[in-house]
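Here is a short briefing to read alongside your structure. Keep the 3D view open and follow the topics one by one.

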Amino acid sequence: MTVPLIAPAMNHVFVDFENVHKVDISLVGAKTVSFTLMVGPKQTKLDTDLVEQLVEHAARVNLIRMKSSAKNAVDFALAYYLGQAALAEPASYFHIISKDGGYDPLIKHLCEQHINVRRYSSCADLTFDWPGKAAAAKEPIAKKTANKKAAKKAVAKKATKKKLAGKAAAKTADSIQTWTEKVVKNLIDHPKARPAKDKTLHTKVGDLIKKPVDGPEVQAVIERMQSKGMLKFDEKSVPEYFLQERG
């Protein structure tokens, strides 16, 4: 079975030569590019280099000379020829070379009709890359791969961070348990030396576990004793101990 070949979409370049005088037709070397030069009535002389390019690429260049000097005559004619080409080849790509922003409403309207049109201020700015075209598709694929790798790296980094945080939390919990056991043993072994005030209790716990009196470690030990029912504070913050009962 023979598979029919699909011809690549044509790139039609329309140059408002009345507005942009420097033109590089060497771009027409690609078989999928055609140039249409819209020349005004007052432009009676063309640069020699441009003429040579016109002759070299005569099969792909259409030179249209306007006879009317009416205002915007070239603009309206360019819009007409672009419309004709778009009607004949709606899947092609159309490029307007002009510094005149007056074309922009037309371009917006054609884009809304799913016709691919762009405007460039000069031939130097001209690019044939377009969203959805093969030439432009390479960057999104590379970007997608880079994003995928970055996302994978971020997930791995997050997992590592979570694992380290888990280990740190477990280590802290073990330390609090050890400190609490040390404090409780001391209070059981020295019942007469048990602090009678909240402040002195904090000082004693800090001394026993060798941590700052106002640090989170001291508070964590006291809260653990409270949660286990070993310690209570009355309305005047006087500590009450329940250690012997617990063996």
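Predicted model: local features only at pLDDT ≥ 70, side-chain atom pairs only at ≥ 80, totals over all residues.

**How confident is the model?**

- The protein chain has an average pLDDT of 81, and 82% of the residues score at least 70.
- Confidence is highest in β4, at 93, and lowest in helix α4 (residues 134-189), where the mean is 70.
- Take some care with residues 134-139: pLDDT stays under 50 there, and the model has four contacts for this stretch beyond four places in sequence.

- As a reminder, the strands of a sheet pair through backbone hydrogen bonds, either parallel or antiparallel.

**β2 and its partners**

- β2 pairs with β1 in the parallel sense over six bridges. To find this pairing on screen, look for Asn 11 opposite Val 33 in β2, and for Val 13, whose bridge partner in β2 is Phe 35.
- β2 also pairs with β3, again in the parallel sense, over five bridges. Here Leu 37 stands opposite Leu 63 in β3.
- Between β2 and β3 there is a helix to trace as well: β2, helix α1 (residues 48-56) and β3 make a right-handed β-α-β unit.
- Why is β2 described as largely enclosed by the rest of the structure? Seven of its seven residues are buried, so the strand has the rest of the structure largely enclosing it.
- In a regular strand the side chains alternate between the two faces of the sheet. Both faces of β2 are covered: Val 33, Phe 35, Leu 37 and Val 39 are buried on one side, while Ser 34, Thr 36 and Met 38 are buried on the other.

**Helix α2**

- Helix α2 (residues 73-88) has 16 residues and reaches 23 Å from its first C-alpha to its last, close to the expected 22 Å.
- Which residues of α2 are buried? They are Ala 73, Val 74, Asp 75, Ala 77, Leu 78, Leu 82, Ala 85 and Ala 86.
- Those buried residues pack against β1 (11-16), β2 (33-39), β4 (93-97), α3 (104-112) and β5 (116-120).

- Gln 53 lies in helix α1. Its relative accessible area is 19%, and it counts as buried because the cut-off is under 20%.
- Not counting residues up to four places away in sequence, Gln 53 touches Val 23, Asp 24, Ile 25 and Ser 26.
- Thr 180 is found in helix α4. Is Thr 180 buried or exposed? At 5% relative accessibility, Thr 180 counts as buried.
- Leaving aside neighbours within four places in sequence, Thr 180 is in contact with Val 221, Arg 224 and Met 225.

Technical notes
Residues numbered from 1 in each chain as written. Heavy atoms only, no water. Helix = DSSP H or I, 4+ residues; strand = E, 2+ residues; numbered from the N terminus. Expected span 1.5 Å × (residues − 1). Buried < 20%, exposed > 50% of the residue type's maximum accessible area, 1.4 Å probe, protein only. Contact = heavy atoms within 4.5 Å. Pairing = 2+ DSSP bridges. Right-handed = clockwise from strand over helix to strand, strands pointing away. pLDDT = per-residue confidence, 0-100.
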